[in-house]
Structure formats: structure tokens, C-alpha cells
2 protein chains.
Amino acid sequence: MEPPASPRRVTIVDVARHAQVSTTAVSKVLRNAYGASPEMRAKVRRAIEELGYRPLAAARGLRGRTYTIGVMLPDIRNPFFPEILDGVTGCLADTDYQVLLGPGCNGEKEEARVTEAMIDRGMDGLVLVAPVSPRARLEHVASVVPTVVIGRHSHSPKYDSVADDDVAGAALVVGHLAALGHRRIAHIEHHETDPTRIAEMPNAQRADGYRQAMRDLGLHEGIDVVSTSYTQQGGYEGAKELLARRPRPTAIFAGADIVAMGVLEAVSEAGLSVPGDLSVAGYDNTTFAALGQISLTSVDQAGREIGRNAARLLLERIEDRGKTSVQVKLSPTLVARRTTARPAG
Amino acid sequence: MEPPASPRRVTIVDVARHAQVSTTAVSKVLRNAYGASPEMRAKVRRAIEELGYRPLAAARGLRGRTYTIGVMLPDIRNPFFPEILDGVTGCLADTDYQVLLGPGCNGEKEEARVTEAMIDRGMDGLVLVAPVSPRARLEHVASVVPTVVIGRHSHSPKYDSVADDDVAGAALVVGHLAALGHRRIAHIEHHETDPTRIAEMPNAQRADGYRQAMRDLGLHEGIDVVSTSYTQQGGYEGAKELLARRPRPTAIFAGADIVAMGVLEAVSEAGLSVPGDLSVAGYDNTTFAALGQISLTSVDQAGREIGRNAARLLLERIEDRGKTSVQVKLSPTLVARRTTARPAG
DNA sequence: CGGCCGATGGGTAACGTTTTCCATCGGTGG
DNA sequence: CCACCGATGGAAAACGTTACCCATCGGCCG
């Protein structure tokens, strides 16, 4: 009575038979390959339509491509990453490629597992967003499959990279606060331990950019950096420490929005008001920052633009694996909101 | 000088040769299949280790499984979904299965594209989180590949479903507000148009639960529902409308946290204070809600538990595609925070 | 008119696994 | 001692697609 559970998938053979041509011909049409006349293409396309044929990626992957791009995000929770993803998918929407994401992975081990899994699944290209793995690991991945790395300030000949200019971003914040009249501007950074990564990571760049901007503005004496981590907890602890200073800083530049959230919590707990007693700025311009209740001054990284560039570079590299690597550096912009104002007094 | 770009991947044949056995034997070991002695297993495993062999999922998929589970999330931005994802990956961590995510897809068309893509890629099972596609579509997917649906209150014989008891969740909120002394408790719902979906969608259930709870508590006259959408904008507009009522409601139950964010914005714009002039509650207990600056009373859906259940059911269904379908309904809990209090006067 | 060439179409061997057999072998019950 | 049996191992045929190469066929050039 019931139709059989799995009515066997339509294959390229079915299409070929239905269109009265060879499987080779169908394959050529599928790939827009050379060697098929317009009439043939039309005939085959009709047959594909009529039969509802869809090529099986696994089978394609065995010989050619899987038409799949893998994107590795370090943390799904970070509201900055969806922007990047939108840029990537947007750029790939008109192509035959399909984007698949790895599950959030924090830590080298998880990263390795996910990248391996993607390679095993024959992905045609990988986009690694803010990976924490050492550079050698990234280069190994890139030697196996076309790869674009987002958010690392590295210049590898093996892969392309796209990143924001974090030094400039930090300078924007410092400049903004200084223009408001702040002198004692403190910074909360993410503590980096691994020496092989230290120069490449955005957090290090932001801290460097902060120091440099302070010096450039003649605020050398106001430099004050606390090392915790890019988490809400890290922001809370960092702020606790900074609020105990005498004299107290009049502004805190948190290295990430989530850090700023922790700062705001500590500040409110201390009975101080923002921006009356203290200005606070974040980084990433996440959804949090834009919320009316928070309205956090932050740095916007143009995530969509980053994603778009990454996708474009990846497609180019898939077409020509030997091409010389490219580094794209984009300029962030400042979004001033209600957590920053002139210092009191 | 340089090693060749792609030093050919290690295949099962290499392993077989290295271990001096047949490829069949290696395959058996890989799949823990019957017909291999302990010594043989040890020998093969050693060879795998020494050669760093990893099976190619694409090739496996052609005959057997790809050991890949696809998870479709409707919107990466919604901070509730990562919880579910954690539950799924956690449950699958000890297995050979790898989770891959579809990119955020809002709308039926995108959903169809992503599910098709996953099927084409030979995924062994699918987890669909809060899909908006009509039921017939879901059943079609489920007939092709083992599927678990999260967040739809449907009872299909073709797929398992896991959902929260949204009626109970709404009752928790109403009960909480009523216990605080509120009588005029308004609700902002997501407007559902499609009649085939209406009973299944969580938003409809929440609205129903709200009405029912109000009646049960004798607050029939206080029932007031505004239909907008589950977005910040929807919350903003809905609140505008509700704040214009005379008498004004003393509490607003937003159908989702993101809606509550819009409500808070409108309330603050109107010069009213929360919870002094108005209590506000959300739903989903997202990261937003927990932020100290927001501290929104919300309903926690135990996302991790949902994900865990979904993964478990999916594994069972992969093992036995014919098994009768199961519906799991979990109980939400209320998280009272600082946006709800006794009404003034 | 013969040879060559570009355009078109197809035959067939991969690709790396799993699956379905079949063979062997030592032991065991009759 | 023979037939049978469970345990073990392997040969070979799938799986659905693409890549490589060859065949054919007009037309065109010399």
C-alpha cells in the first residue's frame, strides 16, 4: 500500500537515459564544461528538471568537487561572526557552492577536529575565522585545501588572509576619548601566552594600537593596561582592578564588547554612573552594543565586507591553487554611543 | 626542493598494504564490524596510526554512511540556539559522528535550499531547529533522511520531535506577574498567517498559553494581545501601541527576549521606568536577558537538554529507520530578574 | 580532392569506500 | 572418519560522478 520508504534517488544515469544522451554529456552540462552544444544543454536541462535530479555531492567529491565551502567559527555566541557569515554566503549565493559551518570550537583541539572533519568531507575550500591554532597548523591545512584566514595578522604564502586594521581601530577609540578630554584612558586586553601567535592575534594588535595611539597623543603617562581575557568575567575583573586605582582612570577601553559588558556591571556595582563618572568603549559593534539599553560606543569591523572579501579570495584560490597569496586589510569605523562623554570636572 | 603540493592522501589501500591485510579487513575495523579477530584489529589500528590515515567521508557516503549530522538553525543571531547546539554536539562527541551546521536561513526558500544541500551531501541525519516550512515539506525531508524536528508542536509519524512546553512557559510568566499583583498583563505575539502551521508554532502556543493562564487566574478582563513579530522592531511597535492604552497595562509579556528589548526601548523613550512603572518579561533566557545592564525576567527553555534529546533520538532513528516516532516535551523554568516587580500603587 | 581541424558526443576507467558474497580452516558431533 | 559449522579473511562488485581520451563529422585550406 505505502510507497517504498526510499524510492531510489534519481541518478545521472536516469537523466542520461531520459534525455537520450550519455552520462558524460549530462556531466558536462552540470559543470558548464566545454563540449556541449546549446541544443544538448537545453535537452539535458529539461530532463533534469522533469526528473527532479540533484547531483550527489559525495559522488562528485570522489572525482571532482563537492561544491561545498566550510566555514569555521570559533564561537557561535559571539554576535560579530554572523556578519562575516552573511558576507560569505552573500558572495557565494549566486554560485553553485554551498556553505556549511563547523560547530563552535574554542581551543586548538576542537579547531583541529573541525578542520580535519571538513577536509575529510572533501570541502573545496575553507574559511577559518579567528583561529587560535598555531601558524604551522594553519599552513598545513592550507596545503591540503584552499584556505582563507580571517582575523589573523599573518602573511603566509600558503593562504590568503582578511583582517581588520586593529591598530587603527584602537587608535579610533583612543582618539575619540582623547578628543572628549580624557587623559587617563585604561585598556583591558586579552592575555596572550603563546609566543608563536602573539603578533598575529587581534587582541595583541589592539593593545599595541592603544599604546601607540596614547603615545602619539602625548598621553604616555595615562597608559594603563590590565590583562585578563575577552570574556564578560574578564571585563568584570579588569574593571574591579582599574576602579581601585588612585587616581581612577576616567575612561576604559575594553578590547571587545563582551568585555565592556563586564565592565559596565562592575561599574554599576561600584555605584558609579556611565558616562558620568566613567566612559566605556568596546570593540566589535555587536548586537549588544546597539541595544538601546546599553548603547555602547564601539568599533565596527565591517564584518560583512570581511566575509565578502574572504569568499572572493577563496573562489579565486579554488580556481588557481598556485596563485600568490593576498592580504586584505580593512578599515574599521567608530560608532559613538552613549557610554562615552566628556569626563567630569 | 619543496615537497609536492599534494602528497596524495593516504587511502584504505595503503593501510591494507602496510598492515598486510585486505582492504575489506581494514574497512571492518573502521566500522567495528563483525568478522575481524582481535589480533587483526590491533594490527590494522597500528597501521592506521602509523600512516595517519583518515577515511574520506565522500567515499564512505557513496556506499554507507558519511558520519555527518546536519543541523539547521533558522537564525545564527538568536542566542538561544547555541544552547541547543551544545546539547547536540555534546551528545555526539563520543560517537564517530560530526556535526555540521547550515548557514542561518530565514524563510521557507532558504530552508529548502539548506535541507536539500544537506541531503545531497549524504548526511546521515538532520536536526531541524524551529523550521518554518510547512509540515508536508518536513515529512518529505524526513522520508529521505532520518530527521528530528525541534520546536514544533507537531506529532508526525515520520519524524521525532523535541519541544518545550510553551503553554506552560507562558503560564509561568503570567503566574509570576499575577503573583506580584499585576492584573492588566498584556502580551506581544508573533503574527502567524499560514493556517497549516498555526497550531504547531511556538509563538502560537505561547499566545494560547497566555490567554489560558489569564483565564485560569480570573484575569480574563486583563487579556490584551498585540500581534507584531518576534523582532526588536516588533517589540518596539507593540509596546508603543500598548503604552497608548488607557488604562495602561502594568506588565508586558513579550513572546521572545528580542521582543522585550524593543519593549524596553519604547518604554524608556516614553519616559517610563522599569519595573517601577511597568514590568517586562521575555522568553528564551538569551544572553541578553542575563546581562547585568538588562537583567530581564525570562523563561529558560533548557536548550541544552533539548539538543541532547534531539541527538539521542536521531541516533536511534539512524539505527532503526522504521521505529515509531517519539515526541519529547520538556518543561521550561522561570528566571525572575529585575524587570519585574510589584505594580505601583 | 585529400588531409586537417574544431566542434561535438560518448566510452570507460578511475575515485575510495562498503557490501555481498565466497573460501578456508580448525573443531565437533554423529 | 565424515559432514557440518562458526569464525575469520579476502575477492570483487557495487555506489554516482568526473576526467581522460578517442571517434565522428562537417567544413575549409592547400
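This is a predicted model: local features need pLDDT of at least 70, side-chain atom pairs count only at pLDDT 80 or more; totals for chains, interfaces and linings use all residues.
Local features require pLDDT of at least 70 and side-chain atom pairs pLDDT 80 or more, while totals for chains, interfaces and linings use all residues. Residues are numbered from 1 along each chain as its sequence is written, chains are lettered from A and ligands numbered from 1 in the order in which they are written, and side-chain values use heavy atoms, without hydrogens and water.

Trainee: How many residues surround DNA strand D?

Mentor: A residue is near a strand if one of its heavy atoms lies within 4 Å of it. The closest include A:I12, A:S27 and A:R60. The surrounding residues number 25.

Trainee: Which side chain has an N or O atom 2.9 Å from a phosphate oxygen of DNA strand D?

Mentor: Backbone atoms also approach phosphate oxygens of DNA strand D: a polar one of A:L56 is 3.3 Å away, and one of B:S22 is 3.0 Å away. The side chain at 2.9 Å belongs to A:R60.

Trainee: What area do chain A and chain B bury between them?

Mentor: Buried area is the accessible area (1.4 Å probe) that two parts lose on being put together, summed over both. Carbon and sulfur atoms carry 57% of it, and the total is about 4,300 Å².

Trainee: Which residue of chain A meets B:R54 in a salt bridge?

Mentor: A salt bridge places a side-chain nitrogen of Lys or Arg within 4 Å of a carboxyl oxygen of Asp or Glu. Between chain A and chain B there are 6 salt bridges. At 2.4 Å, N to O, the partner of B:R54 is A:D120.

Definitions and conventions
A polar contact is a pair of N or O atoms within 3.5 Å; within protein, one must be able to donate a hydrogen and the other to accept it, and residues adjacent in sequence count only if both atoms are side-chain atoms.
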